[in-house]
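Trainee: I would like to learn how to read helix packing, salt bridges and surface patches in a model. Can we work through one case?

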Amino acid sequence: MMSISTYTEYPLAELLGWPLLHFVWQGALIASVCAILLALTRNARPQLRYVLACTAMLACFLWPALGIVQQWQDPQTINLDTAIQLASKASISLDLVWVRQSLLAAQIEAWLPLVVSLWSMGVLLMLMRLALGLMWVYRLGQHGNDIAVLTQQWQARTNQLAYQFSIRRQVQVKFQQDLLSPVTYGCIKPVVVLPASLLTGMTPDMIEALLAHELAHIKRWDYVVNLMQNLVLSLLFYHPAVWWISTRIDAERELIADDMAAAMLGQTRPLARALQVLDKWQIAAMPQAAMAANGGDLLSRIKRLVRPDSQPWHWKMAAPVLGIAAALLLVLQTQVNAAPEPSVPAAATTPEPATHINAYVKTSSEHVLVMDEQSGKVLLEKNADTIVPIASISKLMTAMVTLDAKLDKDEAITISKEDVAGWHTNQVKLQPGTVLSRQTLLELALIPSSNAAAKALARTYPGGKPAFVAALQSKTASLGLQATHLEEAAGISPNNRSNARDIARLVKAAASYPELRNLASRSEGSYTVAGQTYDYQSTNSLTASKDWDISLSKTGYSKIAGRCLTMRTTIAGKPVIMVLLNAKNSDVRTDDVMHIRTALEAAKPG
């Protein structure tokens with residue numbers, strides 16, 4: 001079976017954006033675990049802590065990389081029209097699969113192009129910073145030959161120390177007037193650049209200790225690790241955890257070089273005194289492209305060399321546990337990039353290879369259900385069983401209860417202050433004292449979705465609002481809408497709740513009323529008050545489109561419910577009921593409807 005995704009606007013943004021965003025919690029989790037392990041091994045050899053920190057840095061690189069690979073291996077995204085053309089040319093059917101995506105995921109996805117653009121600019125700046133550092137170090141080595149005689153003397157001593165370290169590569173030593181701390185760079189042909197000021201500020205044994213420290217870095221190929229470390233830092237610069245892990249790698253690396261230098265020289269005090277001089281000079285941090293003797297915490301390194309003590313446990317070392325808990329909580333609660341999930345149609349699960357194409361359908365509406373009215377078969381669904389506020393879709397039930405009571409449609413009803421209290425639509429503004437027929441109120445409640453009209457219908461129901469609410473609940477029970485609860489006529493209350501599956505049944509029941517089909521399919525109308533005529537339009541703009549055959553429609557909106565729409569229409573020659581709940585605005589809701597229709601037409605057996 002071929003799998004083709006049908007919708008995306010920014011494939012590169014999704015490919016990179018989601019892994020980068022997921023790394024926010026992944027990086028926090030890696031750093032927290034690393035911090036706990038480093039705390040537990042605080043009195044072990046620095047080599048172990050160095051390996052742990054480097055492993056954490058490697059994990060920081062691999063986890064997002066694997067995320068990108070996973071994104072790449074997901075169904076490749078092409079336009080729906082292209083998928084339809086491919087299906088028609090190959091004479092195979094097109095099956096529909098929903099991509100589960102929360103409203104939060106849809107909102108985040110809209111920002112992914114900007115996120116990836118900002119990240120790209122940040123990576124570019126970090127790489128430029130790294131390149132400038134490499135150029136600075138290279139030029140430093142090229143011009144670092146200010147004291148030729150001393151260079152020859154210390155080159156000989158460097159060769160001796162390199163032999164003791166079993167370094168087979170040729171290590172070149174140079175001096176530079178403007179340098180304040182020894183710097184080492186290069187892999188195959190390493191170079192140690194010594195500041196000329198050390199010759200007057202330090203004794204030969206101190207300089208020799210610093211030189212041994214730099215040779216320890218060369219022995220361990222630390223320059224290569226440092227370069228890779230900075231590349232990862234450039235790619236993941238936005239996460240503080242990566243900077244913290246990088247700092248710990250630098251610190252442990254310097255401790256290892258200190259130990260190797262002290263072991264080679266057979267004493268620790270010359271190196272400790274040399275570090276003390278560097279500390280007094282308050283050396284600024286060297287560019288990260290180079291290895292420098294002033295890395296790490298100089299005071300702690302001096303103390304460790306002179307008087308090594310075991311590090312006591314401190315309660316702050318348990319703080320990373322909170323980071324682990326927060327990262328796990330975040331991933332459990334968000335799950336913003338869930339995988340595609342097959343829809344109900346059995347055709348999508350048939351074991352016939354190469355006879356179907358899966359068209360992955362993505363909507364911005366949070367809850368969706370599309371049902372074949374004749375067979376009752378659910379064609380598409382997404383979070384259809386989640387119970388949510390339904391706003392003015394409640395008015396469909398209000399209309400059915402009103403029609404069931406067989407009340408006089410020509411009865412004149414006077415709008416009261418209670419009816420107009422609260423929020424009402426902009427296009428229909430009824431005033432207290434306005435007299436309209438029950439038929440007109442029914443039209444205003446269904447087409448322009450007037451809250452005042454719906455409340456007036458409930459107030460004038462035989463027995464008043466209590467009897468009307470009881471009738472609502474009785475009707476709900478008779479239709480078997482177990483997930484539906486209605487407590488008022490207009491849908492203003494957030495307690496008017498249901499799910500997409502129940503609403504589809506509600507629409508099917510409403511479609512059995514000829515009068516409701518007539519009213520709820522109209523695109524416009526008018527009413528007369530005191531001899532003046534007022535026009536209104538349907539809240540569903542699709543009812544005015546010649547491209548649609550809509551036989552019943554109702555929208556809903558409130559801050560808590562979002563934009564809702566349900567309608568009965570004909571697609572591919574069959575009556576279909578659509579329910580869309582909790583879209584962020586009317587435009588995306590309409591886009592969802594258009595997209596669903598196109599997908600259903602494409603899935604029609606040909």
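This is a predicted model: local features need pLDDT of at least 70, side-chain atom pairs count only at pLDDT 80 or more; totals for chains, interfaces and linings use all residues.

Trainee: Let us start with helices. How do the axes of helix H13 and helix H15 cross?

Mentor: Two packed helices are described by the angle between their axes and the distance between the axes. Here the axes of H13 (residues 394-404) and H15 (residues 438-446) come within 9 Å, and the crossing angle is roughly 160 degrees. Angles over 145 degrees count as roughly antiparallel, so H13 is roughly antiparallel to H15. The crossing of H13 past H15 is left-handed.

Trainee: Now salt bridges. How many does the count come to?

Mentor: Side chains of opposite charge can pair when their charged atoms come close. In this model the count comes to 16 salt bridges. One of them joins the side chains of Arg501 and Glu381, at 2.6 Å from N to O. Arg501 belongs to helix H18 (residues 500-510) and Glu381 to strand E10 (residues 378-382), so this pair ties together parts that are 120 residues apart in sequence.

Trainee: Which residue forms a salt bridge with Asp419, and where do the two partners lie?

Mentor: The partner is Arg459, with the closest N and O atoms 2.7 Å apart. Asp419 lies in helix H14 (residues 417-420) and Arg459 in helix H16 (residues 451-459), so parts 40 residues apart in sequence are tied together. Asp419 is buried, at 2% relative accessible area, whereas Arg459 is partly exposed, at 27%.

Trainee: What does H15 contribute, and is its residue Glu443 buried or exposed?

Mentor: Glu443 forms a salt bridge with Arg522, the closest N and O atoms being 3.9 Å apart. Glu443 sits in helix H15, while Arg522 is in the loop between helix H19 (514-519) and strand E15 (524-529), 79 residues away. Glu443 counts as buried because its relative accessibility is 12%, and the cut-off for buried is under 20%. Arg522, at 25%, counts as partly exposed. Elsewhere, salt bridges that share partners join Arg49, Arg248 and Glu252 into one network.

Trainee: Last, the surface. Which residues form the nonpolar patch?

Mentor: The patch consists of Leu127, Ile188, Trp221, Val224, Met228 and Leu231, with about 530 Å² of accessible area together. Helix H8 (residues 222-235) gives the most, with 3 residues. Met228 is in helix H8 and counts as partly exposed, at 48% relative accessibility.

Key:
Residues are numbered from 1 along each chain as its sequence is written. Side-chain values use heavy atoms; hydrogens and water are left out. Patches are made of residues with over 30% relative accessible area and no salt bridge: like charges are joined within 9 Å, nonpolar side chains (Val, Leu, Ile, Met, Phe, Trp, Tyr) within 5 Å. Accessible areas come from the Shrake-Rupley method with a 1.4 Å probe; for residues, only the protein chains shown count as cover. A salt bridge is a side-chain nitrogen of Lys or Arg within 4 Å of a carboxyl oxygen of Asp or Glu. Helices (H or I, at least four residues) and strands (E, at least two) are DSSP runs, numbered from the N terminus. Buried means under 20% relative accessible area, exposed over 50%, partly exposed in between (1.4 Å probe, protein chains only). Axes are lines fitted to C-alpha atoms, for helices over the stretch in contact, and angles run from 0 to 180 degrees between N-to-C directions. Angles under 35 degrees count as roughly parallel, over 145 as roughly antiparallel, 65 to 115 as roughly perpendicular and the rest as oblique. A crossing is left-handed if the near helix is turned anticlockwise from the far one by less than a right angle, and right-handed if clockwise.
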